[in-house]
Amino acid sequence: MEAMQEPACEHSMNNNNHKGCAKPKPGEAAGGCSFDGAQITLLPIADVAHLVHGPIACGGNSWEGRGSLSSGSSLHRYGLTTNLNEQQIIFGGEKQLRDAIRGIVDRFSPPAIFVYSTCITALIGVDLDAICRSETEKLGISIIPVNSPGFVGSKSLGNRLAGEALLDYVIGTALPPSESKWDINLIGEYNIAGEIWDIKELLAQVGINILSKITGDGRFNEVRWAHRTKLNMVVCSRALINMARKMEERYDIPYFEGSFYGAKETTASLQTIARLLNDKELIDRVQAFTNQEEKKLDQELENYRKKLRGKRAVLYTGGVKSWSIISALQELGIDVVGVGTNKSTNEDIARIRERIGKDAKLIESGGAKKILQTFRKEKGDILIAGGRNMYVALKEHIPFIDINQERHHAYAGYKGLKKLAEQLVNSLENPVWQIVKLQPPWKER
Amino acid sequence: MVTYKTEKELTINPLKVSQTLGGVLALQGFYQAIPIVHGSQGCAAFIKALLTQHYQEPIAIQTTALQEMNIIFGAEQSMIQAMDTVLEKHKPSIVAVLSTGLTETAGDDLIGNVANYIKGLNKECGCFVFPVALPDFEGSLESGYSRTVEAMIRQLLKREKVCVSNKKIKNQINFLPGAHLTPGDVMEIKRILHSFGFTVVTAPDLSTSLAGNQGLGYSPLTQGGISYNQSKQLVSSEWTIAVGASMAGAAKIMEEIAGIPFRVFPSLSGLKANDEFFSFLQEISKQPVSPFYHWERDTLVDCLLDAHFSFLGKKVVLALEPDHLYSFITLCKELGLKFDGLVTSFSTNILSKMEEEIIIGDLDDLEKMAASADLWISSSHGEQGANRMNIPFMPLGFPIFHQLGNSLVTSVGYRGTIETIIKLGNLLK
C-alpha cells in the first residue's frame, strides 16, 4: 500500500509542506470556506433536509449553487436556514434552532436532518452536538451536527469534516436489504451533470454493483449501510481519503483511489476493483470488457484525435481532477502545458509530475492572473478550469471548457472521453474566436 | 401594507441574500475598484460565484480571509494585511471594505479601523478607501447596495471638500441607479437623459462594467464603471435623479452637503411612470422630447392594446427585492393583472404605503399563495416552486441561473416597458 498522506489538519504538524492546511492569505485568497466544503460533500444526499444555522449569508448566498443531480427526491434542493437576526444571535439562537428542526420534521418528515454550524453560531458558542442529540432523542429521527464553520479553514477541510460527520453519525447504523459479492462504494463522486449515472451503467456492464453512493445522487439509507461494502473507491476528493482509511480501520474494508476520467484511468480503475475484490471471474470480465471498449473508443476518437493532436491545454482545477483529467487530455493527443496545483496535495503533485514530466508549468496559486500568464507564456490553445474562471478566459478570447461543479456535461468513463473530445473540438473550431478579432469599422474614440 | 413573518422559526427557500453581496455589486459600477469583504473566505467566495453566474462577467472581489484565531484576537490585523496586499499588488483607484455578519457579531470596529488605516496611508497613494457596515442579519441586496453608495458619496464629499463650493455645470445631472436596475436598464436611462442634451454622471455605473465591455482583457479590478475622477463631478451637477426609492438617501446627502436638488423616480416601468419622467426631463432641460420616443410611446400604447387580452382576469405572484417589487406591482396594475401573493425581503417606506398586502418572507410563502396563480415571477430560486405548482415561471431579480442576457434585459423607459409587456403577454396567453 502506498504511503499515506492524510490531508487532515492535525497531521500537518508532522508534514510541514502539506498544502491542504495552508492558511488563506488576506487580500489574495481565493476559494471557499469549510462550510462550503461540508455542503459540497453532504448536499448531494437528496432525501434529507439540510439546515443551515446562521444568518442569511451562509444559506441565502449559497443554495442551489451546484450541479449535483438527483434521480428522485429533491428535498436537498430546498434552501433551509434559521436566518438568524440580531436579537436571536444575542440570545444564542438555540430556541430558533430547535424550533426550526421541529418545523422541518412536521413539514417534510425526512429520514434525517443535517444541521450545519456557521461562523456566527460557532462564535456565540451554540452547542450543536448537544442540541442535535436531545432533538434526536425527542423526535426519533437522526439530527446530525456538522461542525464545519467557515472560519476553521479551507473547502477541503470542510469536505473532511463532513466525512467525519458521516462516520460518526451515519455509517454503520443500518443493513442493506441485499448484498452481492461485487459491491463497492463510490466516495467523493457528487454526480455533477449526472456523471454517477454513467459510472453506474459502466460498472453494471461488468456486474459491479454500487452499494453506497457517497454522496452523488445519494440517499440517507445507503450511506447508513456503507460499512457492508466489499471495497471503497475514492473517486474525486483526496479530502475524503480519511473516510476510506477509517472505514478500513473500523470495518476492514480495503480502498483505493481512482478516476473515471479518460479511457486509461477508467480501465485502470476497473482492473483495480477486480483485483481488490479478488475474483477471477470479475478479473476476466473486466479484461474482456475494457479491451472491447477501448478498441471501440479508439475508432470513435480517430477523427477527433486528428484535430486535437498537438493542441496545448492549460488545466486549472482542484485536487484529484488535476491529475486524472491530464490522462484524459493526453489520450486525445493534447499537450498539457500548465497545471494548477492550488488545491492538490503533494501526492497529487507527484502524480501530475508522473504524467506531464518536468517541463510543464505548475501553477501553485495566484488565481486568474497567474493562469493567464502561464497560458500566454506556454502558448496555450484552450483553458480547462472551473466556472469562476470562465469569464476570465472569455474576456481574453480564450477557448474554455468548464470542468467543475457548475458544468452541464458528464465526462466520466469511455463515453465521457468521447464527449470531452467532442466538446474540445467544437469549442476550438467555433467561429467565434475568429470573429471577435475583427476591428470595429470606426477609429478608436 | 407590509406584513411581517418574523415569528417564523425556519426560512424555507430564502429570497434574501446578504447585504454584503449588494455592496460588492455596487462596487462593480466603479472603475479600477475592488471590494474587500471582511469575513471568512467563504463570505467572498459565495458572493463571487453568485454574481459571476448571474452577470456572466468576471467579478472584482477580495477577502480578509478571517480564520477563527483572527476573530478571537482581533480582525483588524487581517484587514490591514488585506489592504496592504491589494494596494500593493493591484493598485486600485477605489477600495471599499465591507463588513459581514461575522465581523459585526464579533464586535469588530471596521469603520474606526479603516479610518485609522486611511490616516496612515502614504500621501502618494491616491487610492480612495471607504468602509461600509453591512451586517447580514438585516436588510438584503438592495440595502447593501444603497448603503454602499451612500457611504461612498459621504466619503467622497468629505475628501473633496474643496470642490463642493464649485460652480454647478450647466446641463450636467447626476443619475443614481438603484440595485434593481440591470446594466441594460442603466444604459437605457442614460440614453434617455442624453437625448435631452444632458451630460450625465452615473454612479454606480453598471452599464459600462457588467454589460460586457471588451478590449481591456482580464484584470482583478473592475474594468468598467465610473472612475474616481469622474465621480468627483457628482458635486458640480445641477440635478440628481435617483431611480428606485432606495437611492433617495444618497440623493439627499448630495442635496444636504452639495446643495444639489433631487428627484426620486421609484419606478420607470409602465406608461404613467415614463410620462412623468419625460415631462420632468422636458421641464428641467427645456428641450423637446426626441421623435424617437414619440414613436416608442405610440408603440407602447399599441402594445398595451394588443396585449390586454392576455391579461384579462389573470393573477400573478411576485417575489422581489423592495424597489423591484414596487416597480413591477405598478406595472402589473397598469396591465390589469391581479396579485395572489407578493413577497419581499425586508420592509421599506415605499412598500409600507402601498395598499396591497406585501409579506416579508421567503419563496415558500410565495409557493403557499401560488396555487391558483397564472404566473410566478421571481429569481431562479423560485423556479422549483413554480414547477411544483405547475405554473409558468418568469425569471426576474437576482440571481438568475442558466439564462443568457441577464445584464441586458430592459424593463425601463417606453422601450423596456414594451419588452416586458411582450414577455408577460407571451407567458400568460
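## Basis of the model

Residues are numbered from 1 along each chain as its sequence is written, and chains are lettered from A and ligands numbered from 1 in the order in which they are written. In this predicted model, local features need pLDDT of at least 70, side-chain atom pairs count only at pLDDT 80 or more, and totals for chains, interfaces and linings use all residues.

## Helix α7 of chain A

Helix α7(A) covers residues 155-169; helices (H or I, at least four residues) and strands (E, at least two) are DSSP runs, numbered from the N terminus. Its 15 residues reach 21 Å from first to last C-alpha, close to the expected 21 Å (1.5 Å times one less than the number of residues).

Twelve of the 15 residues of α7(A) are buried, so the helix is largely enclosed by the rest of the structure. A residue is buried if 20 or more other C-beta atoms, placed from the backbone, lie within 10 Å of its own, exposed if 12 or fewer, and partly exposed in between. Among the buried residues are Leu157(A), Leu161(A) and Tyr169(A).

Most residues other than glycine have a negative phi, and most peptide bonds are trans. The bond from Ile214(A) to Thr215(A) is cis, with omega near 5°, and Thr215(A) lies in strand β6 (residues 209-215) of chain A. Another cis peptide bond joins Ala203(B) and Pro204(B), with omega about -10°.

Lys379(A) has a positive phi of about 50° and is exposed, with 8 other C-beta atoms within 10 Å. Ala65(B) also has a positive phi, near 50°, but is buried, with 30 such atoms within 10 Å.
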